[in-house]
Amino acid sequence: MSDWSSPVRYAEVDQQGVVFNSHYLLYCDEAMGAFCLARGLREFVERVRLATSTLTWRGPAHWGDTVEVDVRCTRLGRTSATLSFDIRASGRECCTVETVYVLADLAGGPVPIPDDVRAALTA
């Protein structure tokens, strides 16, 4: 079972029926939200800021496919968490994405990730 899944919508594809590249990052955003909510980390997901994201493409998703995304926390820094996303389309490998998020205070400055949040991210 994946952390998040959705059918590919017609608006997400080009004339050949292939998903536009930017939508893979949108799928990661949705999966990250689901991953955090499932772990009781609503405040964390609302306060993190994306620092970097790297996409390694392997194959296309098409209109009519179901996109499935698995998420795991692969690294924790003092103020940052690196999440890795494995994206499949109807069971075929599409791409992997590695994203670094930084926890921010209400003013937008980086703050340390609390121990309970660290434990939930790596559970």
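The protein chain contains three helices and five strands. Along the sequence, these elements follow the pattern β-α-α-β-β-β-β-α. The radius of gyration is 15 Å, close to the 14 Å that the globule rule gives for 123 residues, so the chain is as compact as a globular protein of that length. The model is predicted. Its C-alpha atoms fill a box of roughly 45 × 30 × 20 Å along the principal axes.

Buried residues account for 39% of the 123 residues. Among contacts with a separation of 6 or more, 63% join residues 24 or more positions apart. The chain exposes about 6800 Å², and carbon and sulfur atoms supply 52% of this area.

Charged side chains number 12 positive and 16 negative. The centres of the two sets lie 4 Å apart. Side chains of opposite charge can pair when their charged atoms come close. The structure holds nine salt bridges.

One of them links Glu93 and Arg58, with an N to O distance of 2.9 Å. Glu93 lies in strand β5 and Arg58 in the loop between β2 and β3, so the pair ties together parts 35 residues apart in sequence. Glu93 is partly exposed at 47% relative accessible area, and Arg58 is partly exposed at 45%.

Asp65 pairs with Arg92, the closest N and O atoms being 2.7 Å apart. Asp65 belongs to the loop between β2 and β3 and Arg92 to strand β5, so this bridge ties together parts 27 residues apart in sequence. Asp65 is buried at 10%, whereas Arg92 is partly exposed at 36%.

Arg88 and Glu68 form a further salt bridge, at 3.3 Å from N to O. Arg88 lies in strand β4 and Glu68 in strand β3. Salt bridges with shared partners join Glu68, Asp70 and Arg88 into one network.

How values were computed
Residues numbered from 1 in each chain as written. Predicted model: local features only at pLDDT ≥ 70, side-chain atom pairs only at ≥ 80, totals over all residues. Heavy atoms only, no water. Helix = DSSP H or I, 4+ residues; strand = E, 2+ residues; numbered from the N terminus. Rg over C-alpha atoms; globule rule 2.2 N^0.38 Å. Buried < 20%, exposed > 50% of the residue type's maximum accessible area, 1.4 Å probe, protein only. Contact = heavy atoms within 4.5 Å. Areas by Shrake-Rupley, 256 points an atom, 1.4 Å probe, with all protein chains shown as cover. Lys, Arg positive; Asp, Glu negative; His and termini not counted. Charge placed at Lys NZ, Arg CZ, Asp CG, Glu CD. Salt bridge = Lys/Arg side-chain N within 4 Å of Asp/Glu carboxyl O.
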